[in-house]
Amino acid sequence: INQSSITPTKREIKQTHTHTSRRARYIQQRHPSSNNPAHTYAQKNMPILGLLKQVFSNKLVTDVRQPLFTFDIPQGEDTITYGFVAPELLFWVELGVVLLVTAICGALTSILIYNYIVRQRGTWNAYLVGYGIIIPICIAFPYVMIPLLEIENKILKFCHISIFPILTMFRCSEAMYGFSPPSVEHSHQTFMLYYANIPHIHFDPKTHVPLKSSWADVKEKLYYFVYELCVVGAVLSFLSPFDYVPWTVEEKGDGVLLLEEVGSLFRWNHILNNLMGAILFERFLNAMLCGLALISTLSGFLPQDTMKSAIFGSTSPSDFWGRKWNLVIHNVLKRGVFKPVRRYYPKHVASAAAFLASGIFHEWILSGA
């Protein structure tokens, strides 16, 4: 046998190395944690964490779905092509895991809060556990969990930050100052149920037993959830071809006067663009809250309302903020910030404190997401 036939040439070695490198880059892009020593250690020594990392191995950063069918709509002299894409199954699986982890963390935290805050309310121990343990854990939770699980999808990040940490912080404040909803503190079970559910569920005021949902409730929540998803898709389809700015806004130079710049904010095209952005955000939030209400209903419990046509159904700013917009956050801010501050200070101070707390945690969510 000729030696040259079994000894690879430099060219062949280079080609093989190039192919191996491309394969390695592909694997690294598809599963970035596959070569991470921490990832390997977690899989071997912490099976649950390793399993969670496998669930979130698909980063879902880029939408690679292909439309099932397309159609054209004339737009002036141009034509815009729209397509219908099927839901991404992996995204819904990962989102379900996030919500499950959130419910488990809420239930476990409720045990600590019930035993060391509710039962010791008014003592230094209760405030020490609340301000020294529970609230710091909530603040650190997303900054630990998101890098640990290597989550990159912004919706999944938003859910990690905005559900368990925010609700638990304000519900912990409710417990410290005695403003938890009626029937919630009746027993360990009702308290755990309150912390594990995102929307507040209805309780029987006499028996303190959570009200059960019916199949009619399930069908109603499912209808609203599917409807909101379709509305979100329609609004996105309308705005995305225009880069979410359907009405042209004149660009201002660096030397524009401050008075002119402020005046441009009140032009009709700028106001309409912001209105469309607000409608899109409302539809996103409404779809999310409808989905969470559907999960509570499927679990056998009857959730309270979470959103009520805030933008077009409100009659005043107080009606918008107090009775229509994101009632989950409204209620925990009211019981966890407004009422405790109102106990010692006037109403306007308590209102300012609630809005300040709302602004701080919204900026905190954006910084994490």
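A: Begin with contacts: a contact means heavy atoms within 4.5 Å. Among contacts here between residues at least 6 apart in sequence, 63% join residues at least 24 apart. The model is predicted, so local features need pLDDT of at least 70 and side-chain atom pairs count only at pLDDT 80 or more, while totals for chains, interfaces and linings use all residues. Residues are numbered from 1 along each chain as its sequence is written, and side-chain values use heavy atoms, with hydrogens and water left out.

Q: What is the mean pLDDT of the protein?

A: pLDDT is the predictor's confidence in each residue, from 0 to 100. The mean is 82, and 84% of the residues reach 70 or more. Over residues 1-20 pLDDT stays under 50, and the model has 3 contacts beyond four places in sequence for them. Residues 22-34 also have pLDDT below 50, with 13 contacts beyond near neighbours in sequence.

Q: How many helices and strands does the protein have?

A: Helices (H or I, at least four residues) and strands (E, at least two) are DSSP runs, numbered from the N terminus. This protein has 16 helices and 2 strands.

Q: What percentage of the residues count as buried?

A: Buried means under 20% relative accessible area, exposed means over 50%, and partly exposed lies in between (1.4 Å probe, protein chains only). Of the 369 residues, 39% count as buried. Pro 165, in helix α8 (residues 164-177), is one case: its relative accessibility is 0%, so Pro 165 counts as buried. Leaving aside neighbours within four places in sequence, Pro 165 is in contact with Cys 138, Phe 141, Pro 142, His 160 and Trp 364.

Q: Which backbone oxygen does the side chain of Thr 102 reach?

A: A polar contact is a pair of N or O atoms within 3.5 Å; within protein, one must be able to donate a hydrogen and the other to accept it, and residues adjacent in sequence count only if both atoms are side-chain atoms. The side chain of Thr 102 reaches the backbone oxygen of Val 98 at 2.9 Å. Thr 102 is in helix α5 (residues 89-118) and is buried, at 6% relative accessibility. Not counting residues up to four places away, Thr 102 touches Ile 163 and Phe 164.

Q: How many salt bridges does a search of the whole structure find?

A: A salt bridge is a side-chain nitrogen of Lys or Arg within 4 Å of a carboxyl oxygen of Asp or Glu. The search finds 10. One of them joins Lys 53 and Glu 150 (3.6 Å, N to O). Lys 53 lies in helix α4 (residues 47-55) and Glu 150 in the loop between α6 (124-149) and α7 (154-162), so this pair ties together parts 97 residues apart in sequence. Another salt bridge links Glu 174 and Arg 335, with the closest N and O atoms 3.1 Å apart. Because Glu 174 is in helix α8 and Arg 335 in helix α15 (residues 327-342), that pair ties together parts 161 residues apart in sequence.

Q: Which residues make the nonpolar surface patch?

A: Patches are made of residues with over 30% relative accessible area and no salt bridge: like charges are joined within 9 Å, nonpolar side chains (Val, Leu, Ile, Met, Phe, Trp, Tyr) within 5 Å. Areas come from the Shrake-Rupley method with a 1.4 Å probe; for residues, only the protein chains shown count as cover. Leu 68, Phe 69, Phe 71, Ile 73 and Phe 84 make a patch of about 510 Å². Strand β1 (residues 69-75) gives the most to it, with 3 residues.
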